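Hello,

Here is the structure I promised to pass on to you. Have a look at it first, and then read my notes below.

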Amino acid sequence: MKTINNVDINNKRVIVRLDLNVPIKNNKILDDTRIKKSLKTLNYIIERASKVIILSHLGRIKTDEDKKNNSLKLVCDYLSTLINTNDEVLDDDLIMFENTRYFDLDNKKESNNDLELAKYFSSFGDIFINDAFGTCHRCNASNVGISNFIPSYNGFLVEEEIENLDRLLNNPERPYVVIMGGKKVSDKIKVIENIIKKCDKLIIGGAMAYTFLKAKGYEIGSSFYEEEYLDFSKNILDKYNNKIVLIKDNYNQNKELIRIEDMKKDDIGYDIGPDTIELYKSELENSKTVFFNGPMGLFEEEYEYGTKELCNILNNINAFILVGGGDTVNAVNKYVPNNSFNISTGGGASLEYLEGKKLPGVFYEEEV
Ligand code: ADP
Ligand code: 3PG
Ligand code: MG
(Lines give C-alpha, C1' and ligand atoms only; values in the text may rest on other atoms or scores of the structure.)
(Ligands and ions follow the chains in the order given, each with its own letter.)
Protein backbone atom coordinates (compact mmCIF):
# COMPACT_ATOMS: atom_id res chain seq x y z
CA MET A 1 0.00 0.00 0.00
CA LYS A 2 1.16 3.54 -0.69
CA THR A 3 0.88 5.28 2.64
CA ILE A 4 1.45 8.75 3.95
CA ASN A 5 4.77 7.53 5.39
CA ASN A 6 6.09 7.05 1.86
CA VAL A 7 5.83 10.71 0.87
CA ASP A 8 7.33 13.99 1.97
CA ILE A 9 4.43 16.36 2.60
CA ASN A 10 6.47 19.13 4.22
CA ASN A 11 5.36 22.52 2.96
CA LYS A 12 3.13 20.95 0.35
CA ARG A 13 -0.54 21.66 -0.28
CA VAL A 14 -2.25 18.49 0.87
CA ILE A 15 -5.79 17.41 0.05
CA VAL A 16 -7.11 14.89 2.56
CA ARG A 17 -10.30 12.88 2.00
CA LEU A 18 -11.90 11.76 5.26
CA ASP A 19 -15.08 9.81 5.94
CA LEU A 20 -16.91 12.22 8.23
CA ASN A 21 -20.24 10.65 7.30
CA VAL A 22 -21.50 10.41 10.89
CA PRO A 23 -25.06 9.90 12.15
CA ILE A 24 -26.71 13.24 12.99
CA LYS A 25 -30.12 13.78 14.58
CA ASN A 26 -31.71 17.07 15.66
CA ASN A 27 -28.47 18.87 14.93
CA LYS A 28 -26.48 16.57 17.20
CA ILE A 29 -23.71 14.16 16.24
CA LEU A 30 -24.80 10.78 17.62
CA ASP A 31 -21.49 8.96 17.18
CA ASP A 32 -18.17 10.72 16.64
CA THR A 33 -16.01 7.60 16.17
CA ARG A 34 -15.25 8.36 12.53
CA ILE A 35 -14.30 11.95 13.36
CA LYS A 36 -11.96 10.92 16.18
CA LYS A 37 -10.39 8.16 14.08
CA SER A 38 -9.56 10.76 11.40
CA LEU A 39 -7.48 12.88 13.77
CA LYS A 40 -4.21 10.97 13.58
CA THR A 41 -3.79 11.61 9.87
CA LEU A 42 -5.28 15.07 9.98
CA ASN A 43 -3.01 16.28 12.78
CA TYR A 44 0.01 14.71 11.09
CA ILE A 45 -0.78 16.68 7.94
CA ILE A 46 -1.54 19.91 9.79
CA GLU A 47 1.85 19.74 11.50
CA ARG A 48 3.70 19.49 8.18
CA ALA A 49 1.76 20.80 5.20
CA SER A 50 1.65 24.41 4.04
CA LYS A 51 -2.03 24.13 3.23
CA VAL A 52 -4.63 21.50 4.18
CA ILE A 53 -7.82 20.92 2.21
CA ILE A 54 -10.34 18.55 3.80
CA LEU A 55 -12.95 16.70 1.76
CA SER A 56 -15.79 14.45 2.93
CA HIS A 57 -19.28 13.40 1.99
CA LEU A 58 -22.28 13.25 4.33
CA GLY A 59 -25.40 11.20 3.63
CA ARG A 60 -26.76 10.77 0.13
CA ILE A 61 -27.79 13.76 -1.95
CA LYS A 62 -30.60 13.45 -4.47
CA THR A 63 -32.68 16.61 -3.91
CA ASP A 64 -32.25 20.20 -2.71
CA GLU A 65 -33.94 19.11 0.50
CA ASP A 66 -31.20 16.47 1.03
CA LYS A 67 -28.66 19.22 0.51
CA LYS A 68 -30.19 21.30 3.29
CA ASN A 69 -30.18 18.35 5.69
CA ASN A 70 -26.65 17.18 4.97
CA SER A 71 -24.40 20.17 5.41
CA LEU A 72 -20.99 19.43 6.93
CA LYS A 73 -21.15 22.68 8.95
CA LEU A 74 -21.88 20.94 12.24
CA VAL A 75 -19.11 18.39 11.67
CA CYS A 76 -16.73 21.17 10.67
CA ASP A 77 -17.42 23.14 13.86
CA TYR A 78 -16.93 20.04 15.98
CA LEU A 79 -13.78 19.01 14.14
CA SER A 80 -12.23 22.43 14.68
CA THR A 81 -12.51 21.90 18.45
CA LEU A 82 -10.48 18.67 18.19
CA ILE A 83 -7.56 19.50 15.93
CA ASN A 84 -4.18 20.95 16.81
CA THR A 85 -4.46 24.54 15.63
CA ASN A 86 -2.15 26.45 17.90
CA ASP A 87 -0.46 27.77 14.82
CA GLU A 88 -2.35 30.95 13.94
CA VAL A 89 -0.96 31.12 10.44
CA LEU A 90 -2.36 27.72 9.67
CA ASP A 91 -5.89 28.92 10.39
CA ASP A 92 -5.91 30.60 6.98
CA ASP A 93 -4.45 27.54 5.37
CA LEU A 94 -6.88 24.97 6.65
CA ILE A 95 -9.94 24.66 4.46
CA MET A 96 -12.84 22.27 4.55
CA PHE A 97 -15.07 21.83 1.52
CA GLU A 98 -18.81 21.41 1.88
CA ASN A 99 -20.23 17.92 1.34
CA THR A 100 -18.65 16.50 -1.84
CA ARG A 101 -21.98 14.89 -2.72
CA TYR A 102 -23.56 18.29 -3.28
CA PHE A 103 -22.05 17.77 -6.74
CA ASP A 104 -24.34 14.76 -7.15
CA LEU A 105 -27.21 17.13 -7.97
CA ASP A 106 -25.37 17.77 -11.21
CA ASN A 107 -25.49 14.36 -12.96
CA LYS A 108 -24.14 12.45 -9.93
CA LYS A 109 -20.72 13.85 -10.69
CA GLU A 110 -19.20 12.91 -7.33
CA SER A 111 -20.65 9.40 -7.06
CA ASN A 112 -19.99 8.56 -10.72
CA ASN A 113 -16.38 9.67 -10.45
CA ASP A 114 -16.65 12.48 -13.00
CA LEU A 115 -13.09 13.24 -14.00
CA GLU A 116 -13.68 16.95 -14.58
CA LEU A 117 -14.84 17.24 -10.99
CA ALA A 118 -11.88 15.15 -9.78
CA LYS A 119 -9.53 17.43 -11.70
CA TYR A 120 -11.16 20.46 -10.13
CA PHE A 121 -10.67 18.99 -6.63
CA SER A 122 -7.08 18.08 -7.43
CA SER A 123 -6.26 21.64 -8.51
CA PHE A 124 -6.27 22.69 -4.85
CA GLY A 125 -3.32 20.52 -3.84
CA ASP A 126 0.05 18.96 -4.66
CA ILE A 127 -0.55 15.66 -2.88
CA PHE A 128 -3.67 13.63 -2.15
CA ILE A 129 -4.18 11.54 0.98
CA ASN A 130 -7.23 9.26 1.07
CA ASP A 131 -8.01 8.28 4.66
CA ALA A 132 -11.76 7.78 4.20
CA PHE A 133 -11.76 4.06 4.94
CA GLY A 134 -15.57 3.84 5.20
CA THR A 135 -15.80 5.05 1.60
CA CYS A 136 -12.97 2.95 0.11
CA HIS A 137 -15.44 0.59 -1.59
CA ARG A 138 -16.88 3.52 -3.56
CA CYS A 139 -15.25 4.87 -6.67
CA ASN A 140 -16.06 8.56 -6.28
CA ALA A 141 -14.40 11.68 -7.68
CA SER A 142 -13.23 12.89 -4.24
CA ASN A 143 -11.66 9.64 -3.06
CA VAL A 144 -10.47 7.86 -6.21
CA GLY A 145 -10.80 10.30 -9.15
CA ILE A 146 -8.28 12.78 -7.72
CA SER A 147 -5.58 10.09 -7.86
CA ASN A 148 -5.57 10.43 -11.65
CA PHE A 149 -4.14 13.91 -11.36
CA ILE A 150 -1.77 14.21 -8.38
CA PRO A 151 0.41 11.77 -6.40
CA SER A 152 -1.89 9.86 -4.07
CA TYR A 153 -1.43 7.89 -0.86
CA ASN A 154 -3.53 6.41 1.93
CA GLY A 155 -3.62 7.72 5.50
CA PHE A 156 -3.05 6.00 8.82
CA LEU A 157 -6.67 4.94 9.32
CA VAL A 158 -6.90 3.13 6.00
CA GLU A 159 -3.57 1.47 6.78
CA GLU A 160 -4.77 0.32 10.22
CA GLU A 161 -8.12 -0.94 8.94
CA ILE A 162 -6.53 -2.96 6.14
CA GLU A 163 -3.96 -4.42 8.54
CA ASN A 164 -6.77 -5.51 10.86
CA LEU A 165 -8.80 -7.05 8.06
CA ASP A 166 -5.73 -8.83 6.72
CA ARG A 167 -5.40 -10.54 10.09
CA LEU A 168 -8.75 -12.19 9.33
CA LEU A 169 -7.77 -13.25 5.83
CA ASN A 170 -4.09 -14.20 5.96
CA ASN A 171 -2.65 -16.57 8.55
CA PRO A 172 -5.09 -15.77 11.36
CA GLU A 173 -4.03 -16.84 14.82
CA ARG A 174 -6.11 -19.93 15.69
CA PRO A 175 -8.65 -20.90 16.86
CA TYR A 176 -10.37 -18.35 14.63
CA VAL A 177 -14.09 -17.80 15.17
CA VAL A 178 -16.39 -15.67 13.01
CA ILE A 179 -19.71 -14.51 14.45
CA MET A 180 -22.31 -13.46 11.91
CA GLY A 181 -25.71 -12.13 12.86
CA GLY A 182 -28.07 -9.37 11.81
CA LYS A 183 -31.10 -9.71 9.70
CA LYS A 184 -30.35 -10.92 6.21
CA VAL A 185 -28.27 -13.72 4.78
CA SER A 186 -28.54 -11.94 1.44
CA ASP A 187 -26.40 -8.99 2.71
CA LYS A 188 -23.57 -11.32 3.64
CA ILE A 189 -23.45 -14.35 1.34
CA LYS A 190 -20.20 -13.37 -0.33
CA VAL A 191 -18.49 -12.73 2.99
CA ILE A 192 -19.72 -16.06 4.32
CA GLU A 193 -18.47 -17.85 1.20
CA ASN A 194 -15.01 -16.33 1.46
CA ILE A 195 -14.47 -16.35 5.20
CA ILE A 196 -15.81 -19.82 5.96
CA LYS A 197 -12.87 -21.25 4.07
CA LYS A 198 -10.49 -19.51 6.46
CA CYS A 199 -12.10 -19.68 9.90
CA ASP A 200 -12.33 -22.65 12.27
CA LYS A 201 -15.90 -21.95 13.38
CA LEU A 202 -18.71 -19.81 12.00
CA ILE A 203 -21.31 -18.86 14.58
CA ILE A 204 -24.61 -17.88 12.95
CA GLY A 205 -27.05 -15.97 15.13
CA GLY A 206 -29.61 -13.18 14.80
CA ALA A 207 -32.46 -13.43 12.31
CA MET A 208 -30.01 -14.85 9.78
CA ALA A 209 -29.96 -18.12 11.74
CA TYR A 210 -33.57 -18.94 10.81
CA THR A 211 -32.83 -19.25 7.09
CA PHE A 212 -30.15 -21.80 8.00
CA LEU A 213 -32.43 -23.59 10.51
CA LYS A 214 -35.21 -23.82 7.95
CA ALA A 215 -32.74 -25.15 5.40
CA LYS A 216 -31.97 -27.89 7.95
CA GLY A 217 -35.66 -28.74 8.13
CA TYR A 218 -36.61 -27.11 11.45
CA GLU A 219 -39.97 -25.47 12.09
CA ILE A 220 -39.10 -21.79 12.62
CA GLY A 221 -42.64 -20.52 13.19
CA SER A 222 -43.13 -17.00 11.82
CA SER A 223 -39.51 -15.94 12.24
CA PHE A 224 -37.90 -13.86 9.51
CA TYR A 225 -36.16 -15.90 6.82
CA GLU A 226 -35.25 -15.60 3.16
CA GLU A 227 -36.81 -18.24 0.92
CA GLU A 228 -34.43 -17.49 -1.96
CA TYR A 229 -31.40 -18.23 0.20
CA LEU A 230 -32.45 -21.64 1.48
CA ASP A 231 -30.42 -23.39 -1.21
CA PHE A 232 -27.37 -21.28 -0.50
CA SER A 233 -27.69 -22.05 3.21
CA LYS A 234 -28.15 -25.74 2.56
CA ASN A 235 -25.04 -25.89 0.41
CA ILE A 236 -22.96 -24.12 3.05
CA LEU A 237 -24.32 -26.45 5.72
CA ASP A 238 -23.54 -29.54 3.66
CA LYS A 239 -20.07 -28.42 2.76
CA TYR A 240 -18.97 -27.00 6.11
CA ASN A 241 -21.19 -28.85 8.55
CA ASN A 242 -18.52 -29.21 11.24
CA LYS A 243 -17.63 -25.51 11.18
CA ILE A 244 -21.11 -24.05 11.62
CA VAL A 245 -22.55 -23.29 15.04
CA LEU A 246 -26.26 -22.51 15.04
CA ILE A 247 -28.71 -21.55 17.78
CA LYS A 248 -30.30 -24.01 20.20
CA ASP A 249 -32.89 -21.85 21.95
CA ASN A 250 -34.49 -18.48 21.43
CA TYR A 251 -36.87 -15.88 22.86
CA ASN A 252 -40.06 -15.30 20.93
CA GLN A 253 -42.04 -12.06 20.55
CA ASN A 254 -43.48 -12.50 24.07
CA LYS A 255 -40.03 -13.13 25.51
CA GLU A 256 -40.83 -16.79 26.16
CA LEU A 257 -37.77 -19.01 26.04
CA ILE A 258 -38.26 -21.80 23.50
CA ARG A 259 -35.96 -24.55 22.29
CA ILE A 260 -35.62 -24.56 18.51
CA GLU A 261 -37.13 -28.03 18.17
CA ASP A 262 -40.22 -26.81 20.09
CA MET A 263 -40.98 -23.79 17.88
CA LYS A 264 -44.69 -23.40 17.02
CA LYS A 265 -46.32 -21.79 14.01
CA ASP A 266 -46.82 -18.35 15.60
CA ASP A 267 -43.46 -18.02 17.32
CA ILE A 268 -41.16 -15.31 16.04
CA GLY A 269 -37.55 -15.64 17.15
CA TYR A 270 -36.28 -12.25 18.23
CA ASP A 271 -33.28 -13.17 20.37
CA ILE A 272 -31.03 -16.09 21.22
CA GLY A 273 -31.33 -17.95 24.53
CA PRO A 274 -28.97 -18.94 27.39
CA ASP A 275 -28.12 -22.43 26.06
CA THR A 276 -27.02 -20.85 22.81
CA ILE A 277 -24.92 -18.36 24.75
CA GLU A 278 -23.26 -21.25 26.64
CA LEU A 279 -22.50 -22.95 23.34
CA TYR A 280 -21.01 -19.76 21.90
CA LYS A 281 -19.00 -19.27 25.05
CA SER A 282 -17.42 -22.70 24.75
CA GLU A 283 -16.38 -21.90 21.17
CA LEU A 284 -15.05 -18.46 22.02
CA GLU A 285 -13.24 -19.10 25.30
CA ASN A 286 -9.97 -20.26 23.76
CA SER A 287 -10.22 -18.42 20.47
CA LYS A 288 -7.34 -16.18 19.37
CA THR A 289 -8.98 -14.35 16.46
CA VAL A 290 -12.61 -13.21 16.31
CA PHE A 291 -14.64 -11.26 13.77
CA PHE A 292 -18.05 -10.07 14.94
CA ASN A 293 -20.59 -8.70 12.48
CA GLY A 294 -24.33 -8.58 13.05
CA PRO A 295 -26.29 -8.45 16.33
CA MET A 296 -27.78 -11.61 17.85
CA GLY A 297 -31.30 -10.25 18.17
CA LEU A 298 -33.59 -7.28 17.80
CA PHE A 299 -31.54 -5.47 20.43
CA GLU A 300 -32.94 -2.02 19.62
CA GLU A 301 -36.34 -3.19 20.89
CA GLU A 302 -35.52 -4.81 24.21
CA TYR A 303 -34.55 -8.17 22.77
CA GLU A 304 -31.02 -7.49 23.85
CA TYR A 305 -30.09 -10.45 26.05
CA GLY A 306 -28.06 -12.38 23.47
CA THR A 307 -26.18 -9.46 22.01
CA LYS A 308 -25.35 -8.13 25.47
CA GLU A 309 -24.15 -11.50 26.78
CA LEU A 310 -22.07 -12.07 23.67
CA CYS A 311 -20.44 -8.64 24.10
CA ASN A 312 -19.56 -9.58 27.69
CA ILE A 313 -18.04 -12.90 26.61
CA LEU A 314 -15.91 -11.13 24.01
CA ASN A 315 -14.85 -8.57 26.57
CA ASN A 316 -13.44 -11.33 28.76
CA ILE A 317 -11.39 -13.32 26.28
CA ASN A 318 -7.84 -12.79 25.23
CA ALA A 319 -8.06 -12.61 21.45
CA PHE A 320 -7.67 -10.25 18.53
CA ILE A 321 -11.26 -9.07 18.09
CA LEU A 322 -12.46 -7.06 15.12
CA VAL A 323 -15.97 -5.64 15.14
CA GLY A 324 -17.59 -4.37 11.94
CA GLY A 325 -21.00 -3.09 10.85
CA GLY A 326 -22.94 -0.01 11.91
CA ASP A 327 -25.50 -1.77 14.12
CA THR A 328 -22.92 -4.11 15.64
CA VAL A 329 -20.62 -1.25 16.56
CA ASN A 330 -23.54 0.57 18.20
CA ALA A 331 -24.38 -2.54 20.20
CA VAL A 332 -20.81 -3.08 21.34
CA ASN A 333 -20.41 0.54 22.40
CA LYS A 334 -23.68 0.31 24.29
CA TYR A 335 -23.05 -2.93 26.19
CA VAL A 336 -19.28 -2.84 26.75
CA PRO A 337 -18.35 0.83 26.43
CA ASN A 338 -14.80 0.39 27.72
CA ASN A 339 -13.91 -2.51 25.47
CA SER A 340 -10.53 -2.85 23.82
CA PHE A 341 -11.89 -4.33 20.58
CA ASN A 342 -10.67 -3.18 17.21
CA ILE A 343 -13.64 -1.33 15.82
CA SER A 344 -13.89 -0.82 12.11
CA THR A 345 -15.16 2.54 10.84
CA GLY A 346 -16.34 0.90 7.64
CA GLY A 347 -19.47 -1.19 7.20
CA GLY A 348 -19.68 -1.82 3.47
CA ALA A 349 -15.96 -1.27 2.97
CA SER A 350 -14.90 -3.97 5.48
CA LEU A 351 -17.43 -6.46 4.18
CA GLU A 352 -16.34 -5.96 0.57
CA TYR A 353 -12.71 -6.41 1.57
CA LEU A 354 -13.62 -9.62 3.41
CA GLU A 355 -15.46 -10.81 0.30
CA GLY A 356 -12.04 -10.77 -1.33
CA LYS A 357 -12.68 -7.66 -3.44
CA LYS A 358 -10.09 -5.01 -4.17
CA LEU A 359 -11.16 -1.64 -2.77
CA PRO A 360 -10.77 1.20 -5.30
CA GLY A 361 -9.88 3.70 -2.56
CA VAL A 362 -6.84 1.72 -1.41
CA PHE A 363 -3.79 2.70 -3.42
CA TYR A 364 -1.12 0.14 -4.25
CA GLU A 365 2.21 0.51 -6.01
CA GLU A 366 1.70 -0.05 -9.72
CA GLU A 367 2.64 -3.55 -10.75
CA VAL A 368 5.40 -3.64 -13.33
P1 ADP B 1 -24.60 -4.41 10.86
O2 ADP B 1 -25.18 -3.03 10.60
O3 ADP B 1 -23.82 -4.45 12.11
O4 ADP B 1 -23.87 -4.97 9.66
P5 ADP B 1 -27.04 -5.73 10.12
O6 ADP B 1 -27.50 -4.45 9.48
O7 ADP B 1 -26.68 -6.86 9.26
O8 ADP B 1 -25.82 -5.41 11.10
O9 ADP B 1 -28.17 -6.27 11.09
C10 ADP B 1 -28.62 -5.53 12.16
C11 ADP B 1 -30.09 -5.65 12.36
O12 ADP B 1 -30.49 -7.00 12.49
C13 ADP B 1 -30.48 -4.96 13.64
O14 ADP B 1 -31.31 -3.88 13.33
C15 ADP B 1 -31.20 -6.04 14.43
O16 ADP B 1 -32.35 -5.59 15.11
C17 ADP B 1 -31.60 -7.03 13.37
N18 ADP B 1 -31.84 -8.37 13.93
C19 ADP B 1 -30.97 -9.20 14.52
N20 ADP B 1 -31.60 -10.33 14.94
C21 ADP B 1 -32.89 -10.19 14.60
C22 ADP B 1 -34.06 -11.01 14.76
N23 ADP B 1 -33.98 -12.19 15.34
N24 ADP B 1 -35.23 -10.55 14.24
C25 ADP B 1 -35.29 -9.36 13.63
N26 ADP B 1 -34.24 -8.53 13.47
C27 ADP B 1 -33.05 -8.94 13.94
C1 3PG C 1 -20.79 4.53 4.95
O2 3PG C 1 -21.35 5.13 5.87
O3 3PG C 1 -20.95 3.31 4.74
C4 3PG C 1 -19.83 5.28 4.07
O5 3PG C 1 -19.66 6.59 4.52
C6 3PG C 1 -20.25 5.24 2.63
O7 3PG C 1 -21.51 5.84 2.48
P8 3PG C 1 -22.48 5.39 1.31
O9 3PG C 1 -22.93 3.99 1.63
O10 3PG C 1 -23.59 6.40 1.31
O11 3PG C 1 -21.66 5.41 0.05
MG1 MG D 1 -26.90 -2.42 9.55
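How many residues surround ligand 1, and which are the closest? Before the answer, please keep in mind that this is a predicted model. There are 17 residues around ligand 1, and the closest are Lys 188, Gly 269, Glu 300, Asp 327 and Thr 328.

The side chain of Glu 300 has a polar atom 2.5 Å from an oxygen atom of ligand 1. In the side chain of Lys 188, an N or O atom sits 2.6 Å from an oxygen atom of the ligand. With Gly 269 the backbone takes part: one of its polar atoms is 3.1 Å from a nitrogen atom of ligand 1. On its own, ligand 1 would expose 580 Å², and the protein buries 85% of that.

What kinds of residues make up the shell around ligand 1? Eight are polar, five are nonpolar and four are charged. Helix H13, which covers residues 326-335, contributes the most to this shell, with three residues.

Helix H13 also has a packing partner. Helix H12 (residues 305-315) packs with H13 at an angle of about 70°, and their axes are 9 Å apart. The two helices are therefore roughly perpendicular. From H12, the residues Thr 307, Lys 308, Cys 311 and Asn 312 meet Ala 331, Val 332 and Tyr 335 of H13. By class, this contact between H12 and H13 has four nonpolar residues, two polar and one charged.

Happy exploring, and write back with any questions!

Best wishes

Terms used. Residues numbered from 1 in each chain as written. Chains lettered and ligands numbered in written order. Predicted model: local features only at pLDDT ≥ 70, side-chain atom pairs only at ≥ 80, totals over all residues. Heavy atoms only, no water. Near = heavy atom within 4 Å. Polar contact = N/O pair within 3.5 Å; in protein donor to acceptor, adjacent residues only side chain to side chain. Areas by Shrake-Rupley, 256 points an atom, 1.4 Å probe, with all protein chains shown as cover. Helix = DSSP H or I, 4+ residues; strand = E, 2+ residues; numbered from the N terminus. Nonpolar A, V, L, I, M, F, W, Y, C, P; charged D, E, K, R; others polar. Axes fitted to C-alpha atoms, helices over the stretch in contact; angles between N-to-C directions. Parallel < 35°, antiparallel > 145°, perpendicular 65-115°, else oblique. Contact = heavy atoms within 4.5 Å.
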